[in-house]
Every structure is written in C-alpha cells, then in structure tokens.
Amino acid sequence: PMLLVGTKCDLPAERQVTAADVQTFTNKYEVEFIETSAKNDINVREAFSMVATRVLAKYKKQANEKKKANTGTCTLQ
C-alpha cells in the first residue's frame, strides 16, 4: 500500500507542487494523498494510521484468500 505524503503544509507560500499536479499523479497511480506538518502536528498520526490500516487490510485479505484456498472439499468415491 502506498500513500503520497506532502510535507510542510504549514508553509503554503513555499509550495513546490500544485494541487492539480498532485491530483493528476494520484489519479494516474491510484494512490491517496495527505498533507502533513510535523512542526504543527498536522496529519502526522493520520498518515501513519492510514498506511498501517492499509497494510493490515492487505494481510487480512491475503490470509483469508489462503484460508479459502486450503479449505477444499473431499469426496469419497
């Protein structure tokens, strides 16, 4: 799972990437985007939480698929 993180959202005048460019990139690569500021504690925990949630969901899905693959039915002949 990937998350595009923009940093230093507390300094909008120094922005290097336009919102339109971010939107184009995230649409093209199908990733989510969040802006953060470690200085002002904006969305830092949320960014980590988003990644952790997606990693856990991915592993749960893989475990469920593996479990389904291993629960075949046997028939007596």
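Predicted model: local features only at pLDDT ≥ 70, side-chain atom pairs only at ≥ 80, totals over all residues.
1. Ground rules. Residues are numbered from 1 along each chain, and side-chain values use heavy atoms, with hydrogens and water left out. Local features need pLDDT of at least 70, side-chain atom pairs count only at pLDDT 80 or more, and totals for chains, interfaces and linings use all residues.

2. The pocket. The largest pocket holds about 330 Å³ of space. (A pocket is an open set of points on a 1 Å grid over the protein atoms alone, where a 1.4 Å probe fits, with protein on both sides within 12 Å along at least five of seven lines; lining residues have an atom within 4 Å of a point.)

3. Its lining. The largest pocket has 15 lining residues. Gly6, Thr7, Arg15, Gln16 and Val17 lie nearest its centre. Strand E1 (3-6) gives the largest share, three residues. (Strands are DSSP runs of E, at least two residues; helices are runs of H or I, at least four.)

4. Ser37. This residue sits in the loop between E2 and helix H2 (44-69). Ser37 counts as buried because its relative accessibility is 1%. (Buried means under 20% relative accessible area, with a 1.4 Å probe and protein chains only.) The Ser37 side chain reaches the backbone nitrogen of Asn40 at 3.0 Å. Leaving out residues up to four places away in sequence, Ser37 touches Lys8, Cys9, Asp10, Ile42 and Val44. (Touching, or contact, means heavy atoms within 4.5 Å.)

5. Thr36. The loop between E2 and H2 also holds Thr36. Thr36 is buried, since its relative accessibility is 6%. Beyond four places in sequence, Thr36 touches residues including Val5, Gly6, Thr7 and Ala47.

Notes: Points joined across faces, edges and corners; volume = space filled by probe spheres on them. Buried < 20%, exposed > 50% of the residue type's maximum accessible area, 1.4 Å probe, protein only. Polar contact = N/O pair within 3.5 Å; in protein donor to acceptor, adjacent residues only side chain to side chain.
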